[in-house]
Amino acid sequence: MSNKSSPALEQEFEHEPVPLSHRHSTGSVSAVWFGFPMILTNALFGGIITWHLGFWPALLAILLGNLVLFAYVGALSWFAGHTGMNFALQAKRTFGTKGYILVSGFLSTVVIGWYAFQTGLTGTVINQTFGWNALAVTAFAMVLYTGVTFLGVRALSVLGMIAAPLFVVLGLVALWLVSKDHDFTTLTQWQGSPAAAGAMSMGTAVTMVIAGFADSGTMTADFTRWSKDGKSAVIAAFSAFPLANVISYLFGVVIVAVGAAVDPLSNGGNFLPLLMGHGMLLSVIAFLFVFINLGSVCTHCLYNGAVGFSHLFSSKMRLWTLILGAIGGVLALAGVWSWFLEWLSLLGMVVPPFGAVMIVDLIFMTKISEQRQTRHLRGSAFAAWAIGSLCAVMAHLEFPQFGEAVIGLVTAALSYTLIVKWKPESSTAVMEKSNA
């Protein structure tokens, strides 16, 4: 009898690197990442940043944030494609065989918060746009998104192939409808709302862009470990940052800059309301678009969490998909999405330092990390993370204009480098010799 799984329910390799025989094409892995940022939430963010800063400063903040994301996610993706290791396996090498539990458990929990927010947002958007009961829609979305995630990474790839083009098409339709009543020649002249002057700095805007994918970006290995090699994994990361992410932000930028946004302060550049009132067909497509679009990010986040917890408990990804899908759904029904801005601030401050330490350890100190003795808890890695997070928190409180996410990344990386150089750990080879 054949041991091969069906294509829809293939082995997910929760506890070991993905073998080369099971790797996917560059296009398939890219579709997973490319479809992830193509979400209404990014158009909303892009509009809010533009409302505060103006057209050109908003564009600069978005580009800077995406360049940081590409360097960050690209580096972690390269290592994932090179080794086939998921995030939990990577964290185990850097933070220790027991210490990784804190890191992987924390990020796997954080990412479920994002899943809960987007699931709740699905019900809210449908309620505000079509008048349907928000709680009922949220419950349906929970079941739908959990079911798609249960199928595995291939289902995420297919969903991304549908979600990304649909986002672009409907975004262009919205801009075409807007062009009938608004002058696009004034686009670059938008200086920001006078009422919002000084409320957001360039650094805060850059942090907002980075924080939007700080969690899943750090856990990128769960997706890019399926790449054939490191180069293919970097290409997949590039398809998301800056390519897809910038495109999704730009729709929100344009809609606010030309004065077509509905409630730009809180709804940003969300273009869904602009599609209403133009015929039944477009309304039906817009209705389906909400589930496909927000479902893309929900399934990705749920997959991240399920892979993480399955490794922590030596279990299966699909079992944890059901468990976390239900828990996140309950949080969504409880209205967790209303705490979103606080959640975003947390992500921007404490998550990037984890990835910074891993990048330095796994890539720039490869020989050291491969040869050192295995430890249960690596205090040097946690100390560097704590320093980076503390600096990010201080920056957030005292000088947010410099961007707390970037400060956290840089200080964590520098701290780890200095700590390792100052107090090097014993290598496996040295330990073996001393025990001879």
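Me: Is Ile323 buried, partly exposed or exposed in this structure?
Reply: In this predicted model, Ile323 has its place in helix α14, which spans residues 317-333. Buried would require under 20% relative accessible area and exposed over 50%. The relative accessible area of Ile323 is 31%, so the residue is partly exposed.

Me: Which residues form a nonpolar patch on the surface, and what is their accessible area together?
Reply: Ile323, already placed in helix α14, is one of the members of this patch. The patch consists of Leu319, Ile323, Ile327 and Leu331, and together these residues have an accessible area of about 310 Å².

Me: How many helices and how many strands does the chain have, and why can it be called as compact as a globular protein of its length?
Reply: The secondary structure of the chain comes to 20 helices and 0 strands. For 436 residues the globule rule gives 22 Å, and because the radius of gyration of the chain is close to that value, the chain is as compact as a globular protein of that length, with a radius of gyration of 22 Å.

Me: What percentage of the residues in the chain is buried?
Reply: A residue counts as buried when its relative accessible area is under 20%. Of the 436 residues in the chain, the share that is buried comes to 57%.

Me: How are the rings of Phe36 and Phe223 arranged, stacked or edge-to-face?
Reply: A search of the whole structure finds 31 aromatic pairs. For Phe36 and Phe223 the ring centres are 6.1 Å apart and the planes stand at 90°, and planes over 60 degrees apart count as edge-to-face. This pair links distant parts of the chain, 187 residues apart, with Phe36 in the loop between α1 and α2 and Phe223 in helix α10. Both Phe36 and Phe223 are buried, and the arrangement of their rings is edge-to-face.

Me: Which parts of the chain does the pair of Phe223 and Tyr303 tie together?
Reply: The rings of Phe223 and Tyr303 have their centres 6.0 Å apart and their planes at 20°, so this pair is stacked. Phe223 and Tyr303 are both buried. Because the two residues are 80 residues apart in sequence, the pair ties together separate parts of the chain, namely helix α10 and helix α13.

Me: Which residues do ring pairs link into a cluster?
Reply: Phe223 pairs with Tyr303, and both belong to a cluster linked by ring pairs. The members of this cluster are Trp33, Phe36, Phe213, Phe223, Phe241 and Tyr303.

Notes:
Residues numbered from 1 in each chain as written. Predicted model: local features only at pLDDT ≥ 70, side-chain atom pairs only at ≥ 80, totals over all residues. Heavy atoms only, no water. Patch = residues over 30% accessible without salt bridge, like charges linked within 9 Å, V, L, I, M, F, W, Y side chains within 5 Å. Areas by Shrake-Rupley, 256 points an atom, 1.4 Å probe, with all protein chains shown as cover. Salt bridge = Lys/Arg side-chain N within 4 Å of Asp/Glu carboxyl O. Helix = DSSP H or I, 4+ residues; strand = E, 2+ residues; numbered from the N terminus. Buried < 20%, exposed > 50% of the residue type's maximum accessible area, 1.4 Å probe, protein only. Phe/Tyr/Trp six-rings, centres within 6.5 Å; stacked < 30°, edge-to-face > 60°. Rg over C-alpha atoms; globule rule 2.2 N^0.38 Å.
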